[in-house]
There are 2 protein chains.
Amino acid sequence: MRWKCTCAYDGTDFNGWQSQPLGNTVQDILEARLAYIFKKPVRIHASGRTDAGVHARGQVFHFDAEWNHAPVDMLRGMRSNVPRTIQVIDIRQVSELFHARFSAVKKRYIYQIHLGQASPFDLRYFWSVGSRVPDVQKMQDAATVLLGKHDFSAFAAKIATEDQGDTVKTLYRLDVVQRGKKVLIITEGSGYLYKMVRSLAAALFHVGIGKLTKADIAYFLESRVRTQAIESAPAEGLILDKVFYNPNHTRLKNV
Amino acid sequence: MRWKCTCAYDGTDFNGWQSQPLGNTVQDILEARLAYIFKKPVRIHASGRTDAGVHARGQVFHFDAEWNHAPVDMLRGMRSNVPRTIQVIDIRQVSELFHARFSAVKKRYIYQIHLGQASPFDLRYFWSVGSRVPDVQKMQDAATVLLGKHDFSAFAAKIATEDQGDTVKTLYRLDVVQRGKKVLIITEGSGYLYKMVRSLAAALFHVGIGKLTKADIAYFLESRVRTQAIESAPAEGLILDKVFYNPNHTRLKNV
């Protein structure tokens, strides 16, 4: 039986999603919990990694395991004895066609910037840019260059092994919206290279404060080469908001 | 020279305000920073302690030290090399009449309750009460019993040594306001006994869900004895919002 799970986490206290020798990753914690519930090791597969400090409102993972009780009992089990900042939101049985990573058709990330002095309560979830005030119109205008299908190599901190030969992605949405002192960059894309959203966020912010221009963004994109002019904005501002799936793959099995 | 400082902190990661042998308290961290700046030990005096996990938007403390540079340079120094979740907001020279604890005339606390499922992002700052839905009108109505000058011994988790013989406090304000899934209890009082705000919050919540009545609250208050019917709501929902001072004591000196 294959199970699709959706979870939220505050990434502040974890070493990212992916299991690693030092432990304390979201995957490690959830797998340990599943091992307890199922009395055997259970391997989980996420829609993708998130780096240390990055948050999620709707990370998705799947795993295979037999379960003869109500799904809500499994959900209850997965919500007990894990840190309160990891929260399984939903669990449902799906067709074995479903794969959390390969069935994903689109992912929405939100990058959060805080202007002026961010309070200690906002600092975990925003890039606090202090007194620098970006021109949000300029950011939105430069974003149009990045929309659509492109080789985004210039906006990857490095090309991960699994991304080699697969650096062309499609951005369906790249919006910059201001709400008071908060500037949110909302992106929906077919996929993302390593630290790509954080690189896009920093590049757009630098356009906003006049350090880069829309033409620079177009030039970098075209060049397909990472330069020092492009930084990665801090992890704490990034939230994996939602993963969108092929509806055929998320159909419940046997119903 | 006496300095009045206002600071905000997210209490999640600290062992409360007050210095203690285990360290990692807000006071320890700020005193260590001041010792570095002034090259000698500096003792700070707060408006009052906050317990482990309790937050502050406007905690106030004072200390005495000679400083011949601009105050903004001291502020900058105090904001460097401390955890990001402790933030000195303001620093100003005051008359030596000023005492962070004894000059305070009123303190505002906000207790935050989250109905339904709180996200991992809200859990640090709210008491998450799950599926229990309080009647906010009933809470507000019961709050009227507590307004004004009373011996609040029944709402203290214990009577601290320094509070003995001083258990009469005045609540100038005790409001219960709902904003969507968030219920805030806002109190302004002359002072508070140990865990008093958290006890008031739990008692009002229990009125809201029908476990206690307004008459019970009046009876407990009158009895001046703590009973098991009164609990302390969790620390993470509590925020020290603002400390109000005698304006004569906060006057700048020499100006």
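1. Confidence. The model is predicted, not experimental. For the complex, the predictor reports an ipTM of 0.73 and a pTM of 0.85. Chain A has a mean pLDDT of 94, and 98% of its residues reach 70 or more. Where pLDDT is low, the predicted coordinates should not be read in detail.

2. Extent of the interface. The size of an interface is often given as the accessible area lost when the parts come together. For chain B and chain A that area is about 1,800 Å². Carbon and sulfur atoms account for 51% of the buried area. In residues, the contact draws 22 from chain B and 22 from chain A.

3. One salt bridge joins the side chains of Arg84(A) and Glu236(B), with an N to O distance of 3.2 Å.

4. The chain B side of the contact. Which elements give two or more residues to the side of chain B that touches chain A? They are strand E1 (2-9) and strand E3 (55-64) of chain B. E3(B) supplies the largest share, three residues. By residue class, the side of chain B that touches chain A divides into nine nonpolar, six polar and seven charged residues.

5. Lys195 in chain A. Most residues other than glycine have a negative phi, and most peptide bonds are trans. Lys195(A) has a positive phi, near 60 degrees. Lys195(A) sits in the loop between strand E9 (182-189) and helix H4 (196-208) of chain A. Is Lys195(A) buried, partly exposed or exposed? Lys195(A) counts as partly exposed because its relative accessibility is 26%, and the partly exposed class lies between under 20% for buried and over 50% for exposed.

6. Lys195 in chain B. Phi of Lys195(B) is likewise positive, near 60 degrees, in a residue other than glycine. The residue lies in the loop between strand E9 (182-189) and helix H4 (196-208) of chain B. With 26% relative accessibility, Lys195(B) is therefore classed as partly exposed.

Note on methods:
Residues are numbered from 1 along each chain as its sequence is written. Chains are lettered from A and ligands numbered from 1 in the order in which they are written. This is a predicted model: local features need pLDDT of at least 70, side-chain atom pairs count only at pLDDT 80 or more; totals for chains, interfaces and linings use all residues. Side-chain values use heavy atoms; hydrogens and water are left out. Contact means heavy atoms within 4.5 Å. Buried area is the accessible area (1.4 Å probe) that two parts lose on being put together, summed over both. A salt bridge is a side-chain nitrogen of Lys or Arg within 4 Å of a carboxyl oxygen of Asp or Glu. Helices (H or I, at least four residues) and strands (E, at least two) are DSSP runs, numbered from the N terminus. Ala, Val, Leu, Ile, Met, Phe, Trp, Tyr, Cys and Pro count as nonpolar, Asp, Glu, Lys and Arg as charged, and the others, Gly among them, as polar. pLDDT is the predictor's confidence in each residue, from 0 to 100. Buried means under 20% relative accessible area, exposed over 50%, partly exposed in between (1.4 Å probe, protein chains only).
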